[in-house]
Every structure is written in structure tokens, then in C-alpha cells.
Amino acid sequence: SCVCTGNCFVPISEIIAVEETEFNKKQRNIGRWQKMAKLHAFTVYYVKKARNHRWRCSDVTFWCVDEHLCNQWIQALKELLEMQKSRPKQLLVYINPYGGKRQGKRIYEQKVAPLFSLASISTDVVITEHANHAKDNLFEVNIYKYDGVVCVGGDGMFSEVMHGLIGRMQKDSGIDQNNPKASLVQCNIRIGIIPAGSTDCICYSTVGISDPVTSALHIIVGDCQPLDVSSVHHNNTFLKYSVSLLGYGFYGDILKDSEKKRWMGPMRYDYSGFKTFLSHHYYEGTIAYQPAKHTHGSPRDKERCRTGCYICKESEKQLAEQRKECGLKHEEGEEEWKFIKGKFLAINAVNMSCACPRSPKGLSPAAHLADGSADLILVRKCSRFDFLRYLVRHTNQDDQFDFPFVDVYRVKCFQFTSKLSEDNESNVMDIGKKRFGQFCRDHPACCCNIVNSTWNCDGETLDSSAIEVRVHCQLMKLFARGIEENCKDEAACSQSSIEQLL
């Protein structure tokens with residue numbers, strides 16, 4: 001019989017590897033094992049869940065005197081692992097050596113590569129040398145021989161890989177990305193994120209923690225989390241895809257200012273944020289949106305998106321039924337558009353909560369990863385003190401939408417046109433010069449000539465202020481499982497475990 005070195009209860013789905021083990025002679029000097037001539041052993045490497053959604057690789061060793069029995073167990077466990085069809089066997093890995101604190105290559109080689117090797121995952125590694133290297137490469141390589149693509153870096157690196165992968169799928173399917181009403185082809189090749197950047201918002205919002213080892217283990221066990229993606233267009237021209245934040249006004253101004261201060265590192269966001277808050281600029285414009293009537297939740301219902309989210313599943317099912325009944329074009333043409341004009345300090349559209357260590361709830365705590373909608377948050381012109389109260393609520397447990405100057409809507413698409421571009425003139429800068437005097441009368445203390453803000457699209461600036469945004473339900477998939485409610489309870493409830501096998 002086999003004897004366990006300790007009490008262990010692990011789902012088969014969270015076993016990383018099984019290996020034959022050379023028995024350590026020092027371990028034999030205990031009790032009745034002391035008299036035995038030879039012992040045979042195997043080690044099971046598995047996921048050990050710790051606090052705050054952190055995962056670690058742990059191991060347990062089993063031993064016995066019967067070599068044949070030991071080999072039978074090794075073979076049986078390996079066969080069970082082979083049955084886990086969702087697990088990747090071959091990965092394409094892109095490493096950004098310049099992002100964040102320039103630790104991407106070291107993090108991958110020291111923390112991630114050994115785990116991939118242990119799990120018998122083969123990898124093709126590409127060290128990116130310039131911007132858009134990964135994106136361009138994804139249009140050239142045979143992506144269909146891989147079970148997934150892994151990016152080592154921050155949100156910018158993920159965005160690059162996402163654009164390359166989704167763009168490649170549309171190109172291969174003959175879909176014109178410049179058509180804002182095009183029904184995009186779902187990308188079934190999963191993306192894994194190994195966090196190593198200045199900001200790792202997407203990883204934090206889909207795993208619960210920004211930790212390279214945790215993310216590597218989610219990739220190894222083959223987790224799959226669908227993710228909504230928003231397409232952004234201007235005048236029937238494709239601009240970008242977004243999975244987290246589209247921000248105009250406050251967050252756009254922060255990004256634009258921080259881009260000039262990259263030498264400061266991550267501190268540039270704090271500096272630019274403080275500077276932007278003091279400037280207190282507001283921007284006029286018109287927002288048109290279509291409500292996401294297919295969704296089962298609302299931005300203020302406190303129903304957080306968690307592993308196996310019921311709202312995401314039901315909303316996706318409802319959206320599919322609507323499209324089947326009406327047809328995509330008919331549905332969009334018939335549904336009513338709602339219009340809002342005003343002066344805004346911030347216009348934010350989020351596909352996920354956008355949670356991070358500094359803002360554990362994020363910009364929209366009840367936003368869902370895969371329900372086919374975005375939460376549109378409008379912060380109207382208010383006093384600097386009131387705006388500060390709103391910002392502070394991102395860091396505590398109070399309802400951040402409970403202000404008379406804040407509105408939030410769950411939408412499936414929206415359009416924004418700034419007041420300065422409503423007359424359809426193409427050269428916004430010329431318009432700004434003509435109306436500069438009027439702008440400064442609204443801001444008597446201001447001595448600048450900002451006439452339009454910039455859209456912050458997942459940490460990258462957009463050239464156009466007038467945009468059209470459409471949410472594509474579950475367009476892509478991540479090696480993640482969403483944020484688990486309670487890791488220990490979930491493991492304990494599993495029916496398939498080592499303990500049951502033994």
C-alpha cells in the first residue's frame with residue numbers, strides 16, 4: 001500500500017505533474033520503513049491555494065515497497081492528466097524586456113519557464129525588440145499549431161498580443177475590421193498574461209492578483225475565461241480594441257501628460273494624476289448609446305463577476321437568442337438610441353471592473369467580464385471638492401455612483417462627439433483655435449489651450465475624440481477562471497481528487 005507524507009486533498013484538474021522520485025535514504029530512518037531494503041516513490045506536483053487568490057506549486061510524495069504498484073500509480077495519474085484536454089501542450093511566448101521595471105525576461109526564466117517544463121509544455125519564445133513586434137509577428141506565424149499565446153509584460157504588451165491575435169483571425173476569415181457593424185469572428189486561441197509591467201490591471205481583474213507564478217499555474221491547468229472586447233472606430237476606420245478602460249477627460253488627460261514623463265517610471269501616473277486633478281478641465285459633448293437590454297444585471301446591483309459567473313452565462317445566452325430571432329442588423333436598426341448632452345469631467349466605459357491594488361473594487365465594481373456589455377460612467381461638471389469625493393470612493397467600500405453628478409449605464413454600444421467636432425470639420429485643431437476665446441471664458445483661471453481631451457484606450461492614446469464603440473460578446477479567451485469567491489471551499493467540494501483515487 002502507499003503511504004502519504006501528509007493529509008492532502010487536491011482535484012485532478014489542479015495537479016501539475018507526476019514524476020518518479022529517487023527515494024532519499026535519510027527519509028527511510030522512520031519506524032517500520034527502517035528495515036526495508038528498497039522503497040519506490042513518486043511525487044505529485046499540485047496547485048496550493050493561499051490567501052488573496054495566490055497560487056503556488058507544492059508537492060507530496062507517496063512511497064511503497066512494490067515497484068510494480070508504484071509504476072501503476074504513476075501511469076494511472078499520467079493518464080488522468082492526459083484526459084485534461086483543456087491543458088496547453090505548446091505555447092507561443094512573447095516577452096517584453098523593456099516594460100515595467102525591465103524584469104520580464106528574468107521573471108519568465110526564473111519563475112515561469114521551470115513550471116512550464118515541469119508540466120511538459122513546449123514553448124517557442126520571442127523576445128520583442130520594438131513596439132508592435134508581437135502584433136506583426138502574429139500575422140506571420142502559424143498560430144494554429146499553438147494551444148495558446150502567452151505575453152510577459154504589462155497591459156500594453158497584452159494589448160499588442162490581443163490586437164495581433166484578433167486581427168489575424170479577422171484577416172483569415174475575410175472580415176473587414178474597418179466596418180464598425182461587422183460581426184467579428186471569435187478568437188478561440190487563449191491568451192495567458194504573465195504580469196511584469198507598470199500596470200497589470202487586466203491580470204488583476206481576471207485572476208484576482210498580479211503574480212507571475214499564479215498566472216503560470218492558471219495557464220498550466222488550462223483555465224479558460226471568455227472576455228468581452230470593444231471595438232473603437234472613427235469615420236468607418238478601425239482605431240483600437242479595448243478590454244478594460246476607455247476614458248475621456250480625466251483619465252485621458254492623465255495618460256497624455258504621463259506619456260511625456262516616462263523617465264519617472266510608474267510614479268508618473270501619480271504626478272500626472274495630481275496635476276490633472278488640479279487643472280479640473282471639463283469637456284462638452286454628446287453621447288448616444290444603446291442600452292444592453294439582454295443583460296441580467298445592472299451596474300449598481302453589487303453582483304460581482306466571479307468564477308463561473310451566472311450573469312455572464314445567462315446574458316450571453318440571451319444575446320444569442322436575440323440575434324437568432326432578429327438578425328444582427330435588424331436588431332441594431334430597430335433598437336432605440338438614447339442621447340445625452342453635457343459638460344463632463346470624465347467619460348469612462350469599462351468592460352471589466354478595472355480593479356487594481358490601489359482600487360480593489362475598480363471603476364465599476366459590478367461590471368462583468370463576459371456579458372456582452374460595457375458600463376458607461378458619466379461624471380458631469382462639479383466642484384473640485386465633489387470630484388475628489390468621487391475619486392476617493394474608488395478606494396473604499398462606499399457606493400461610488402451615489403452622487404447627483406454621476407450617471408452609469410450598461411450599454412452594448414455608444415458614440416461620442418465632442419462639441420468642437422459636431423460640425424463635422426475634420427481639422428479639430430483649427431476649430432479649437434477659432435473657439436479658444438469662448439473656452440477660456442468658461443475657464444477664467446486657465447491659461448492653456450486644451451480644447452479636446454484624449455481618449456485613454458487601455459493605456460494608449462487615441463488620435464480622434466469622436467468615436468464609435470461596440471461591445472463584442474466573448475470575442476476572446478484568457479488562461480484564467482475569473483476571481484474565485486473562496487478558493488478553499490471550491491477545492492474541498494471537488495469530486496475528483498487524489499484522496500478518492502487512493
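**Terms and their grounds**

Mentor: The chain has 15 helices and 18 strands in its secondary structure. The model is predicted.

Trainee: What makes strand β7 largely enclosed by the rest of the structure?
Mentor: Buried means under 20% relative accessible area. Six of the six residues of β7, residues 148-153, are buried, so the strand is largely enclosed.

Trainee: How do you know that both faces of β7 are covered?
Mentor: In a regular strand the side chains alternate between the two faces of the sheet. On one side of β7, G148, V150 and V152 are buried, and on the other V149, C151 and G153 are buried too.

Trainee: How do you know that β5 and β7 pair?
Mentor: Pairing requires at least two bridges found by DSSP. Strand β5 (residues 90-95) and β7 have five, in the parallel sense, so they count as a pair. Within β7, V149 is the bridge partner of L92.

Trainee: What makes β7 and β8 a pair as well?
Mentor: Six bridges join β7 to strand β8, residues 190-195, and the two run parallel. At least two bridges are needed, so the term applies. V149 is again involved, with I191 in β8 bridged to it.

Trainee: Why is the unit of β7, helix α4 and β8 called right-handed?
Mentor: It is called so because, with the strands pointing away from the viewer, the path from the first strand over the helix to the second runs clockwise. The β-α-β unit made by β7, α4 (residues 155-172) and β8 has that hand.

Trainee: What makes helix α7 largely enclosed?
Mentor: Eight of the nine residues of α7, residues 250-258, are buried, so the helix is largely enclosed by the rest of the structure. The buried residues are F250, Y251, G252, D253, I254, L255, D257 and S258.

Trainee: Which residues have the most contacts inside the largest nonpolar core?
Mentor: They are Y94, F158 and M476, in a core of 67 residues. Helix α4 supplies the largest share of this core, seven residues. Apart from it lies another core of 27 residues, including Y108, V150, I194 and L217.

Trainee: Which residues is M476 in contact with, leaving aside its neighbours within four places in sequence?
Mentor: Contact means heavy atoms within 4.5 Å. Among the partners of M476 beyond those neighbours are F158, M162, I166, I191 and V243.

Trainee: How many of the residues of the chain count as buried?
Mentor: Of 502 residues, 55% do.

Notes: Residues numbered from 1 in each chain as written. Predicted model: local features only at pLDDT ≥ 70, side-chain atom pairs only at ≥ 80, totals over all residues. Heavy atoms only, no water. Buried < 20%, exposed > 50% of the residue type's maximum accessible area, 1.4 Å probe, protein only. Helix = DSSP H or I, 4+ residues; strand = E, 2+ residues; numbered from the N terminus. Core = buried A, V, L, I, M, F, W, Y, C linked by side-chain atoms within 4.5 Å.
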